[in-house]
Amino acid sequence: METAYFNGKFLPKDEIKISPDDRGFLFADGIYEVIRWYEGFFYDIDSHMNRLKRSMKEIRVDWSDADSFPSVAQELIELNGLKERPSLVYLQVTRGAAKRTHAFPLPPVNPTVYAFARGFRPDREIIESGIKTILRKDIRWSRCDI
């Protein structure tokens with residue numbers, strides 16, 4: 001059974017339900033962060049935390065417990081038995097669930113916070129032999145800072 005983090009609680013992943021009125025679902029009104037776990041430490045967690053806070057500030061989402069993310073991530077690694085495996089922790093923070101309107105909800109609603117951890121093993125064959133790629137302009141990355 002996988003354990004995930006949802007709005008302040010560690011729960012079985014398959015029990016988590018996100019509202020269809022969540023602004024992350026309706027408008028992509030949220031941010032995400034992914035951090036790698038290398039069998040004992042998180043890679044550059046300070047930079048990830050700085051980007052997380054900056055991204056939330058950019059879109060004006062207030063998750064008052066953002067500073068808890070490193071301990072949440074650590075707990076997810078432990079609860080999912082990943083301490084000895086290369087892994088990643090994915091975090092999604094959205095503005096939350098509210099009546100659908102283009103304006104930000106007033107009064108503000110609580111953000112939706114969801115995180116999970118999973119093992120990650122790079123494909124050794126691909127690393128050794130490489131892959132073919134095609135480069136194209138991708139406008140989605142115009143604001144890759146958030």
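By the criterion applied here, the count of salt bridges comes to 5, a salt bridge being a side-chain nitrogen of Lys or Arg within 4 Å of a carboxyl oxygen of Asp or Glu. The structure is a predicted model, in which local features need pLDDT of at least 70 and side-chain atom pairs count only at pLDDT 80 or more, while totals for chains, interfaces and linings use all residues. Residues are numbered from 1 along each chain as its sequence is written, and side-chain values use heavy atoms, with hydrogens and water left out.

Side chains of opposite charge can pair when their charged atoms come close. One of the salt bridges is formed by the side chains of K13 and E2, at 3.8 Å from N to O. This pair links distant parts of the chain, 11 residues apart: K13 belongs to the loop between β2 (9-12) and α1 (23-27), and E2 to the segment before β1. Helices (H or I, at least four residues) and strands (E, at least two) are DSSP runs, numbered from the N terminus. K13 is partly exposed, with a relative accessible area of 28%, and E2 is likewise partly exposed, at 40%. In these assignments, buried denotes under 20% relative accessible area, exposed over 50%, and partly exposed in between (1.4 Å probe, protein chains only).

A salt bridge also joins K53 and D67, whose closest N and O atoms are 2.3 Å apart. K53 lies in helix α2 (residues 45-59) and D67 in the loop between α2 and α3 (69-79), so the pair ties together parts that are 14 residues apart in sequence. The relative accessibility of K53 is 37%, which counts as partly exposed, whereas D67 is exposed, with a relative accessible area of 55%. Through salt bridges that share partners, R23, D29 and R95 are joined into one network.

Two strands are taken to pair if DSSP finds at least two bridges between them. Strand β4 (residues 86-94) pairs with β5 in the antiparallel sense over 8 bridges, and V89 has A117 of β5 as its bridge partner. Strand β1 (residues 3-6) also runs antiparallel to β5, to which 3 bridges join it; here A4 is partnered by F116 of β5.
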